[in-house]
Amino acid sequence: MRNPLRTLVVVAVATVTLLGIGALFGLRSPAPATRTAAAPAAAAPADRLASTIARAQDRLRDLPRDHETWAALGLAYVEQARVTADPSLYPKAEGALRRSLDVRPEENATALVGLGALANARHEFAAARQHATDALRANPYNADAYGVLADAQTQLGAPAAATAAIQKMLDLRPGLAAYARASYDLEQRGSVTEATELMRRALDAAADPADIAFCRNQLGDLAWSTGDLASAEREYAAGVAADPSYLALRRGQARVAAARGDLATAVADAGAVASRTPTPDTLLEYATLLRLAGDATAAARQLTLADAAHKLFVANGGQDDLTGAQIALARDDAAGAVRLAAAEWQRRPFADVADVYGWSLHRAGRDAEALPLLRQAVAASSRNAGYAYHLGVTLLSSGDQAGALAALRQVRAINPYFSPVDGPTAARALSALEARP
């Protein structure tokens, strides 16, 4: 079960102090070290977000030409859509942000940043990059614009440009939003130790329970990615203690429970997350665990819900053929998965897309076409056990036993628990290969 895209929508504000970040993989430490920075709004209580929206609406009734409040309202709708897993709020967000630009068409960086954040949320990454670029023309010192730009460049397969944008964000306004992006950037390049160090320093400076929960979840995910179940379990538990409402922590706990063989707990935790945030990825994870538990009927029902959630996302302006391909794979529709993944690959040559596209081709019996894509995914993110597994299985299918052996040993070294289904399959395949003379 892979973590979804980590994009941060800037709404809540917290004070974060970090000292001596240092030159971690080319990311320079900003100075001075203490700033007011945007914290991830993911942990903001739903009632606080609703109050923000209500206050903005009240103000706009009295001041309908307040472009800053229109922009703030649009961003709040984007965040509410994420918190509630309701993409039908995206048109509201766009309407508010466009109204801000109508009122002030020039030098309105805030509205452009909001449109960029909305475009990232809809997976319209090329549009997000353009909005962020336009915002920076209006205000070259807008740290949030660099955050939107970094998220877009990452997904568009431009890691150097993403790193440069993150560095600008760190220079302008160091804080949790910038450090989280820097940590993810390091993780993508296989520097998990440095990524963990960065998030731990962020945690040391965090005071708000929401910020603590966010940092603990990131640390849990990083530990999970290396197969360190004990550390992941501790981080998730500490995050829940800080803020029990942060559902991503329970999602992580479901992974740990499944890896430990406690399938009942894993199913319960995944079900709770899917019921409260019914996104395609949470529903797909829940379906996987239900199928593993032997409840094929319930698993099929979750796939139907995942498909419905995906269609709702698309109907409200989203672009996400990658998720469509993953749903097709879960339904054993390899041909459909290939078609959808190929379309996504044309829009964004990101490692996740290369992996799903290559795996879809393998499932369709097209190993020769799959291997270049799977190798590209592994080259882009060398510490991803799922990528290495897909490459290993495809190499084995194509008759390259030596290559398969190396790839599956890499899976074992990185994280043998990467999937409750594929992890055991990888272990069996590796044992069989190692037993051969």
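Reply: The count comes to 27 salt bridges, where a salt bridge is a side-chain nitrogen of Lys or Arg within 4 Å of a carboxyl oxygen of Asp or Glu. This is a predicted model: local features need pLDDT of at least 70, side-chain atom pairs need pLDDT 80 or more, and totals for chains, interfaces and linings use all residues. Residues are numbered from 1 along each chain as its sequence is written, and side-chain values use heavy atoms, without hydrogens and water.

Me: What makes Asp 307 and Lys 311 a salt bridge?
Reply: Their closest N and O atoms are 3.3 Å apart. Both residues lie in helix H15 (residues 296-315), 4 residues apart, about one turn of the helix. Helices are DSSP runs of H or I, at least four residues, numbered from the N terminus.

Me: Why is Asp 307 called buried?
Reply: Its relative accessible area is 17%. Buried means under 20%, exposed over 50%, partly exposed in between (1.4 Å probe, protein chains only), so the label holds. Lys 311, at 53%, is exposed.

Me: How do you know that Arg 409 and Glu 434 form a salt bridge?
Reply: The closest N and O atoms are 3.1 Å apart. Arg 409 lies in helix H21 (residues 401-414) and Glu 434 in helix H22 (residues 422-435), so the pair ties together parts that are 25 residues apart in sequence.

Me: Why is Glu 434 called partly exposed?
Reply: Glu 434 has 34% relative accessibility, so it counts as partly exposed. Arg 409, at 39%, is partly exposed.

Technical notes. Helices (H or I, at least four residues) and strands (E, at least two) are DSSP runs, numbered from the N terminus.
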